[in-house]
Amino acid sequence: MEPFQVGAFLTAGILVITGLWAVIMMDNILKKVIGANLIGDGVNLVLIGIGYRPGGLVPEVTHQFHATAVPSSFSHFLAFNEFANQASYSLPFALVLTNIVIGASTLSVMLALSVVLYHKYHTLSVQKIFEGMEEED
Amino acid sequence: MFNSTLIPLMVVFPLIAAVLVNFMHQKNMSVKIIAIVSSIVVILVPLMTLYGVHLFSGHIRTESFPGISKLLIPDVYMGIVYSYGALQKILLALLTVVTVFVVMLSITRKLISGVYVAMIFISLASVSAIILADDFFNFFVFTEVLTVAQAALVIAVKETKSHKAAFKYMIFGNISGGSILLGIALLLGVYGLLNMTDLSNAIKAGGALQPVALTAVALITVGWLYESGLFPFHIVKSNMYENAIPETAALLQLQSKFVLVAMSIALLRIFSGYPLLKSVMLGFAIFTVVIGSVMGLQQTDLRKLLSFVAVGQAGLVAMGIGLGTPFSISAGVFHAINDVLSMAILFFVAGFILESYKTTKLDQLGEGLKKAPLVGLIMFLATIAISGVPPFNSYQSELRLIQSAVQAGYPELGILVILLSVATFVAIIKAFYMIFLKPGTNIEADPKVRGTMHKTIIVILIVMCLFIGLFPNLIYDPIYNTIVALGV
Amino acid sequence: MLDKIYEIFHDRMIHKGKGVGIGSGFTSEFLMISFFLIAGILVLRTANSVLFALGSMVILAAILFTVPTVFRVEKENTDSINLTCFYVALSIAVLLIVFYAGSGVLI
Amino acid sequence: MFDYILLFVVALSAVLAVIQENLYKSIIILGFESFSLAAIFHFLLATDVAATQAILGAALIPGLFIVALYKTTQGRDE
């Protein structure tokens with residue numbers, strides 16, 4: 001593994017652990033949502049780090065691909081083996097794109113819920129929202 | 001290679017229906033028509049589809065890479081794969097039937113909007129995809145979609161309690177979704193594959209699991225616990241069931257039990273050579289069984305009682321799967337199918353009671369048998385069905401569960417299954433007595449509520465229960481053959 | 001004897017309806033105790049280790065002194081989000097430890 | 001060298017966003033973290049993901065947070 005890749009994985013670990021700590025330990029409801037966002041960021045960073053190849057080609061913007069190129073005709077731009085040896089692994093990138101969008105949508109639902117809960121209880125503290133006042137429907 | 005083209009329709013069609021219904025938000029008549037038409041199509045598609053695999057965008061299986069490949073196995077799938085067999089057919093048929101019942105009940109209510117029906121269709125699409133998918137990332141995406149759709153179904157109740165339940169569900173859903181995706185990422189980093197069949201082969205070829213892969217197993221197990229509502233998350237799940245509309249709760253428990261079955265089979269397939277996973281599953285399952293039934297016995301509200309019983313029964317399913325022999329796994333899957341039907345009847349009865357009495361608190365209800373004798377009779381039948389009394393279906397699966405526990409060398413677990421069914425019987429028969437037989441009540445039933453749709457549906461469901469109980473091999477044999485063929 | 005147990009349950013379950021509720025309380029207490037016995041037997045039978053055996057015996061004895069256990073279980077299973085958070089963190093840790101230790105990575 | 005500094009910035013701002021008392025500052029730091037993460041994605045050769053993350057993570061999500069915060073505390077300090 002490359003040193004930069006190792007650094008990326010370590011940073012991702014810090015992100016995930018910070019997010020988990022915020023979700024589990026913090027009292028403020030918005031801080032919990034921030035923590036959930038951080039967990040998603042950390043997981044994305046792990047996935048992107050897997051696809052990294054130092055000094056590799058970026059498959060999406062490589063000039064070897066023209067608009068007219070079809071998969072069977074890669075060979076006259078660059079031999080396929082050579083390309084496969086140089087390009088970064090772009091499957092995880094597609095996964096991360098999906099995950100970013102899913103994360104944003106769940107985040108917006110959670111934020112909306114916290115706004116609704118605030119209008120009911122007039123506080124952002126999870127302790128006051130979820131504990132106590134159990135008998136009231 | 002034969003490419004079965006109807007398979008993606010099971011996921012795509014409900015999504016199209018959801019989008020259409022969502023556009024027709026305020027127009028009740030068009031929502032009704034679209035919902036009824038799509039319900040018919042949704043039921044027909046799984047029955048008409050032939051068994052097979054669908055390779056998305058026609059990416060066929062590669063033969064082998066030349067020397068540059070670092071993969072452990074030479075022959076992999078290149079795209080997303082959906083596979084459809086006998087087990088998937090049974091699960092999908094049941095899922096679509098119960099979903100259509102819930103849609104019918106929803107569109108007869110005045111308050112329910114087009115968005116609500118759209119969410120039901122989205123959850124149907126995601127559970128179908130979870131059952132069908134042979135690709136781990138596709139699986140993950142649809143579990144996330146399912147989480148949001150289920151939370152939306154609960155939010156639609158518009159009470160503070162249900163908002164709180166949905167918020168908790170989503171927060172823990174975020175944790176578990178993150179851990180599933182992290183596990184998938186680690187597996188992708190170690191083995192370079194996402195397809196479940198290929199991953200299973202690669203893990204077998206790679207020998208003992210490395211520490212990184214072990215972390216992946218642990219993280220995916222956390223996600224499994226959440227998706228199936230087992231021990232640390234049983235409170236969150238039962239809160240969801242309790243605060244949803246009871247008809248929707250019937251759908252939610254069905255979905256989470258089917259996701260439990262699909263995800264356990266996927267996990268057992270991928271890590272088939274790793275016995276510790278089965279023991280961990282078994283441990284969490286036993287814990288959930290006991291806590292679910294004990295908490296169910298303590299409740300005084302019908303919806304809360306039923307939701308804890310549902311959680312306990314999910315633990316029983318997971319116990320069958322965690323025992324790990326082909327016999328016990330198929331018994332667990334069979335129990336999931338049977339139990340889903342009887343729990344659905346009980347939740348529909350709860351929905352009827354909520355609609356006509358405006359409450360489900362047991363100590364306020366009473367003398368219901370005069371008002372609704374048919375509902376009372378069917379609730380009694382469903383109670384004896386869920387606690388494993390012979391002519392009904394749960395008897396067949398609980399018998400098989402006990403037999404498989406004894407065969408696997410754990411006769412104690414057989415005793416536990418018997419105790420659990422006794423506890424379930426006591427809990428629900430208590431509710432039955434307090435609703436239908438107890439003398440003296442201080443609330444009147446709403447005379448306008450006829451509940452024709454409810455009564456029709458619960459009669460159909462109890463007949464289905466009786467049918468499966470009389471001819472269990474129609475359902476059980478295909479499941480057993482599939483499980484043996486999968487080699488888990 | 002039985003009257004005394006009934007009194008104990010009645011005092012604790014005063015807000016939960018009358019006789020039927022106490023009957024189901026009895027059933028759940030019986031279920032809890034039999035579950036602990038079954039779990040103890042399973043651990044004793046399957047784990048061939050003196051450590052596990054001693055540990056399970058100690059835990060069994062501790063539980064039998066805290067009868068009735070039902071109310072404790074009920075207190076631990078409320079809707080509280082903090083308790084659920086605690087149990088989630090606990091089970092993530094337990095899962096990691098079990099998978100590492102069981103495969104010989106840690107120990 | 002710049003890429004390693006960015007990694008450090010991401011880790012530091014994540015921790016700061018969580019322990020910051022003032023929610024406005026915390027959200028601004030969160031947006032900063034997302035933007036640095038997008039830059040890291042660029043250095044890790046994932047340019048398309050970097051673009052998406054820059055738009056969603058650095059603009060849309062902090063915007064949503066700000067709206068939620070405004071709706072809850074009406075600009076008062078909590």
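In chain B, helix α10(B) passes α11(B) in a right-handed crossing, where right-handed means that the near helix is turned clockwise from the far one by less than a right angle, and left-handed that it is turned anticlockwise. Helices here are DSSP runs of H or I with at least four residues, strands are runs of E with at least two, and both are numbered from the N terminus. This is a predicted model, in which local features need pLDDT of at least 70 and side-chain atom pairs count only at pLDDT 80 or more, while totals for chains, interfaces and linings use all residues. Residues are numbered from 1 along each chain as its sequence is written, chains are lettered from A and ligands numbered from 1 in the order in which they are written, and side-chain values use heavy atoms, with hydrogens and water left out.

Let us stay with that first pair. Helix α10(B) covers residues 246-270 and α11(B) residues 275-298; they pack at an angle of about 155°, with their axes 9 Å apart. Axes are lines fitted to C-alpha atoms, for helices over the stretch in contact, and angles run from 0 to 180 degrees between N-to-C directions. The angle therefore makes α10(B) roughly antiparallel to α11(B); the word applies over 145 degrees, while under 35 counts as roughly parallel, 65 to 115 as roughly perpendicular and the rest as oblique. On the α10(B) side, S264(B), L267(B) and L268(B) make the contact, and on the α11(B) side L277(B), K278(B) and M281(B), contact meaning heavy atoms within 4.5 Å. By class these residues are four nonpolar, one polar and one charged. Here Ala, Val, Leu, Ile, Met, Phe, Trp, Tyr, Cys and Pro count as nonpolar, Asp, Glu, Lys and Arg as charged, and the others, Gly among them, as polar.

Further along chain B, α15(B) (residues 373-386) and α18(B) (residues 452-470) have axes that come within 11 Å and cross at roughly 30°. These two are therefore roughly parallel to each other, and their crossing is left-handed. From α15(B), L374(B), V375(B), I378(B), L381(B) and A382(B) meet K455(B), I458(B), V459(B) and I462(B) of α18(B). That contact has eight nonpolar residues, no polar ones and one charged.

Another left-handed crossing is that of α12(B) and α16(B). Their axes come within 10 Å and cross at roughly 35°.

Now for how the chains meet. Chain D itself has three helices and zero strands.

Chains B and D do not touch, with their nearest C-alpha atoms 15 Å apart.
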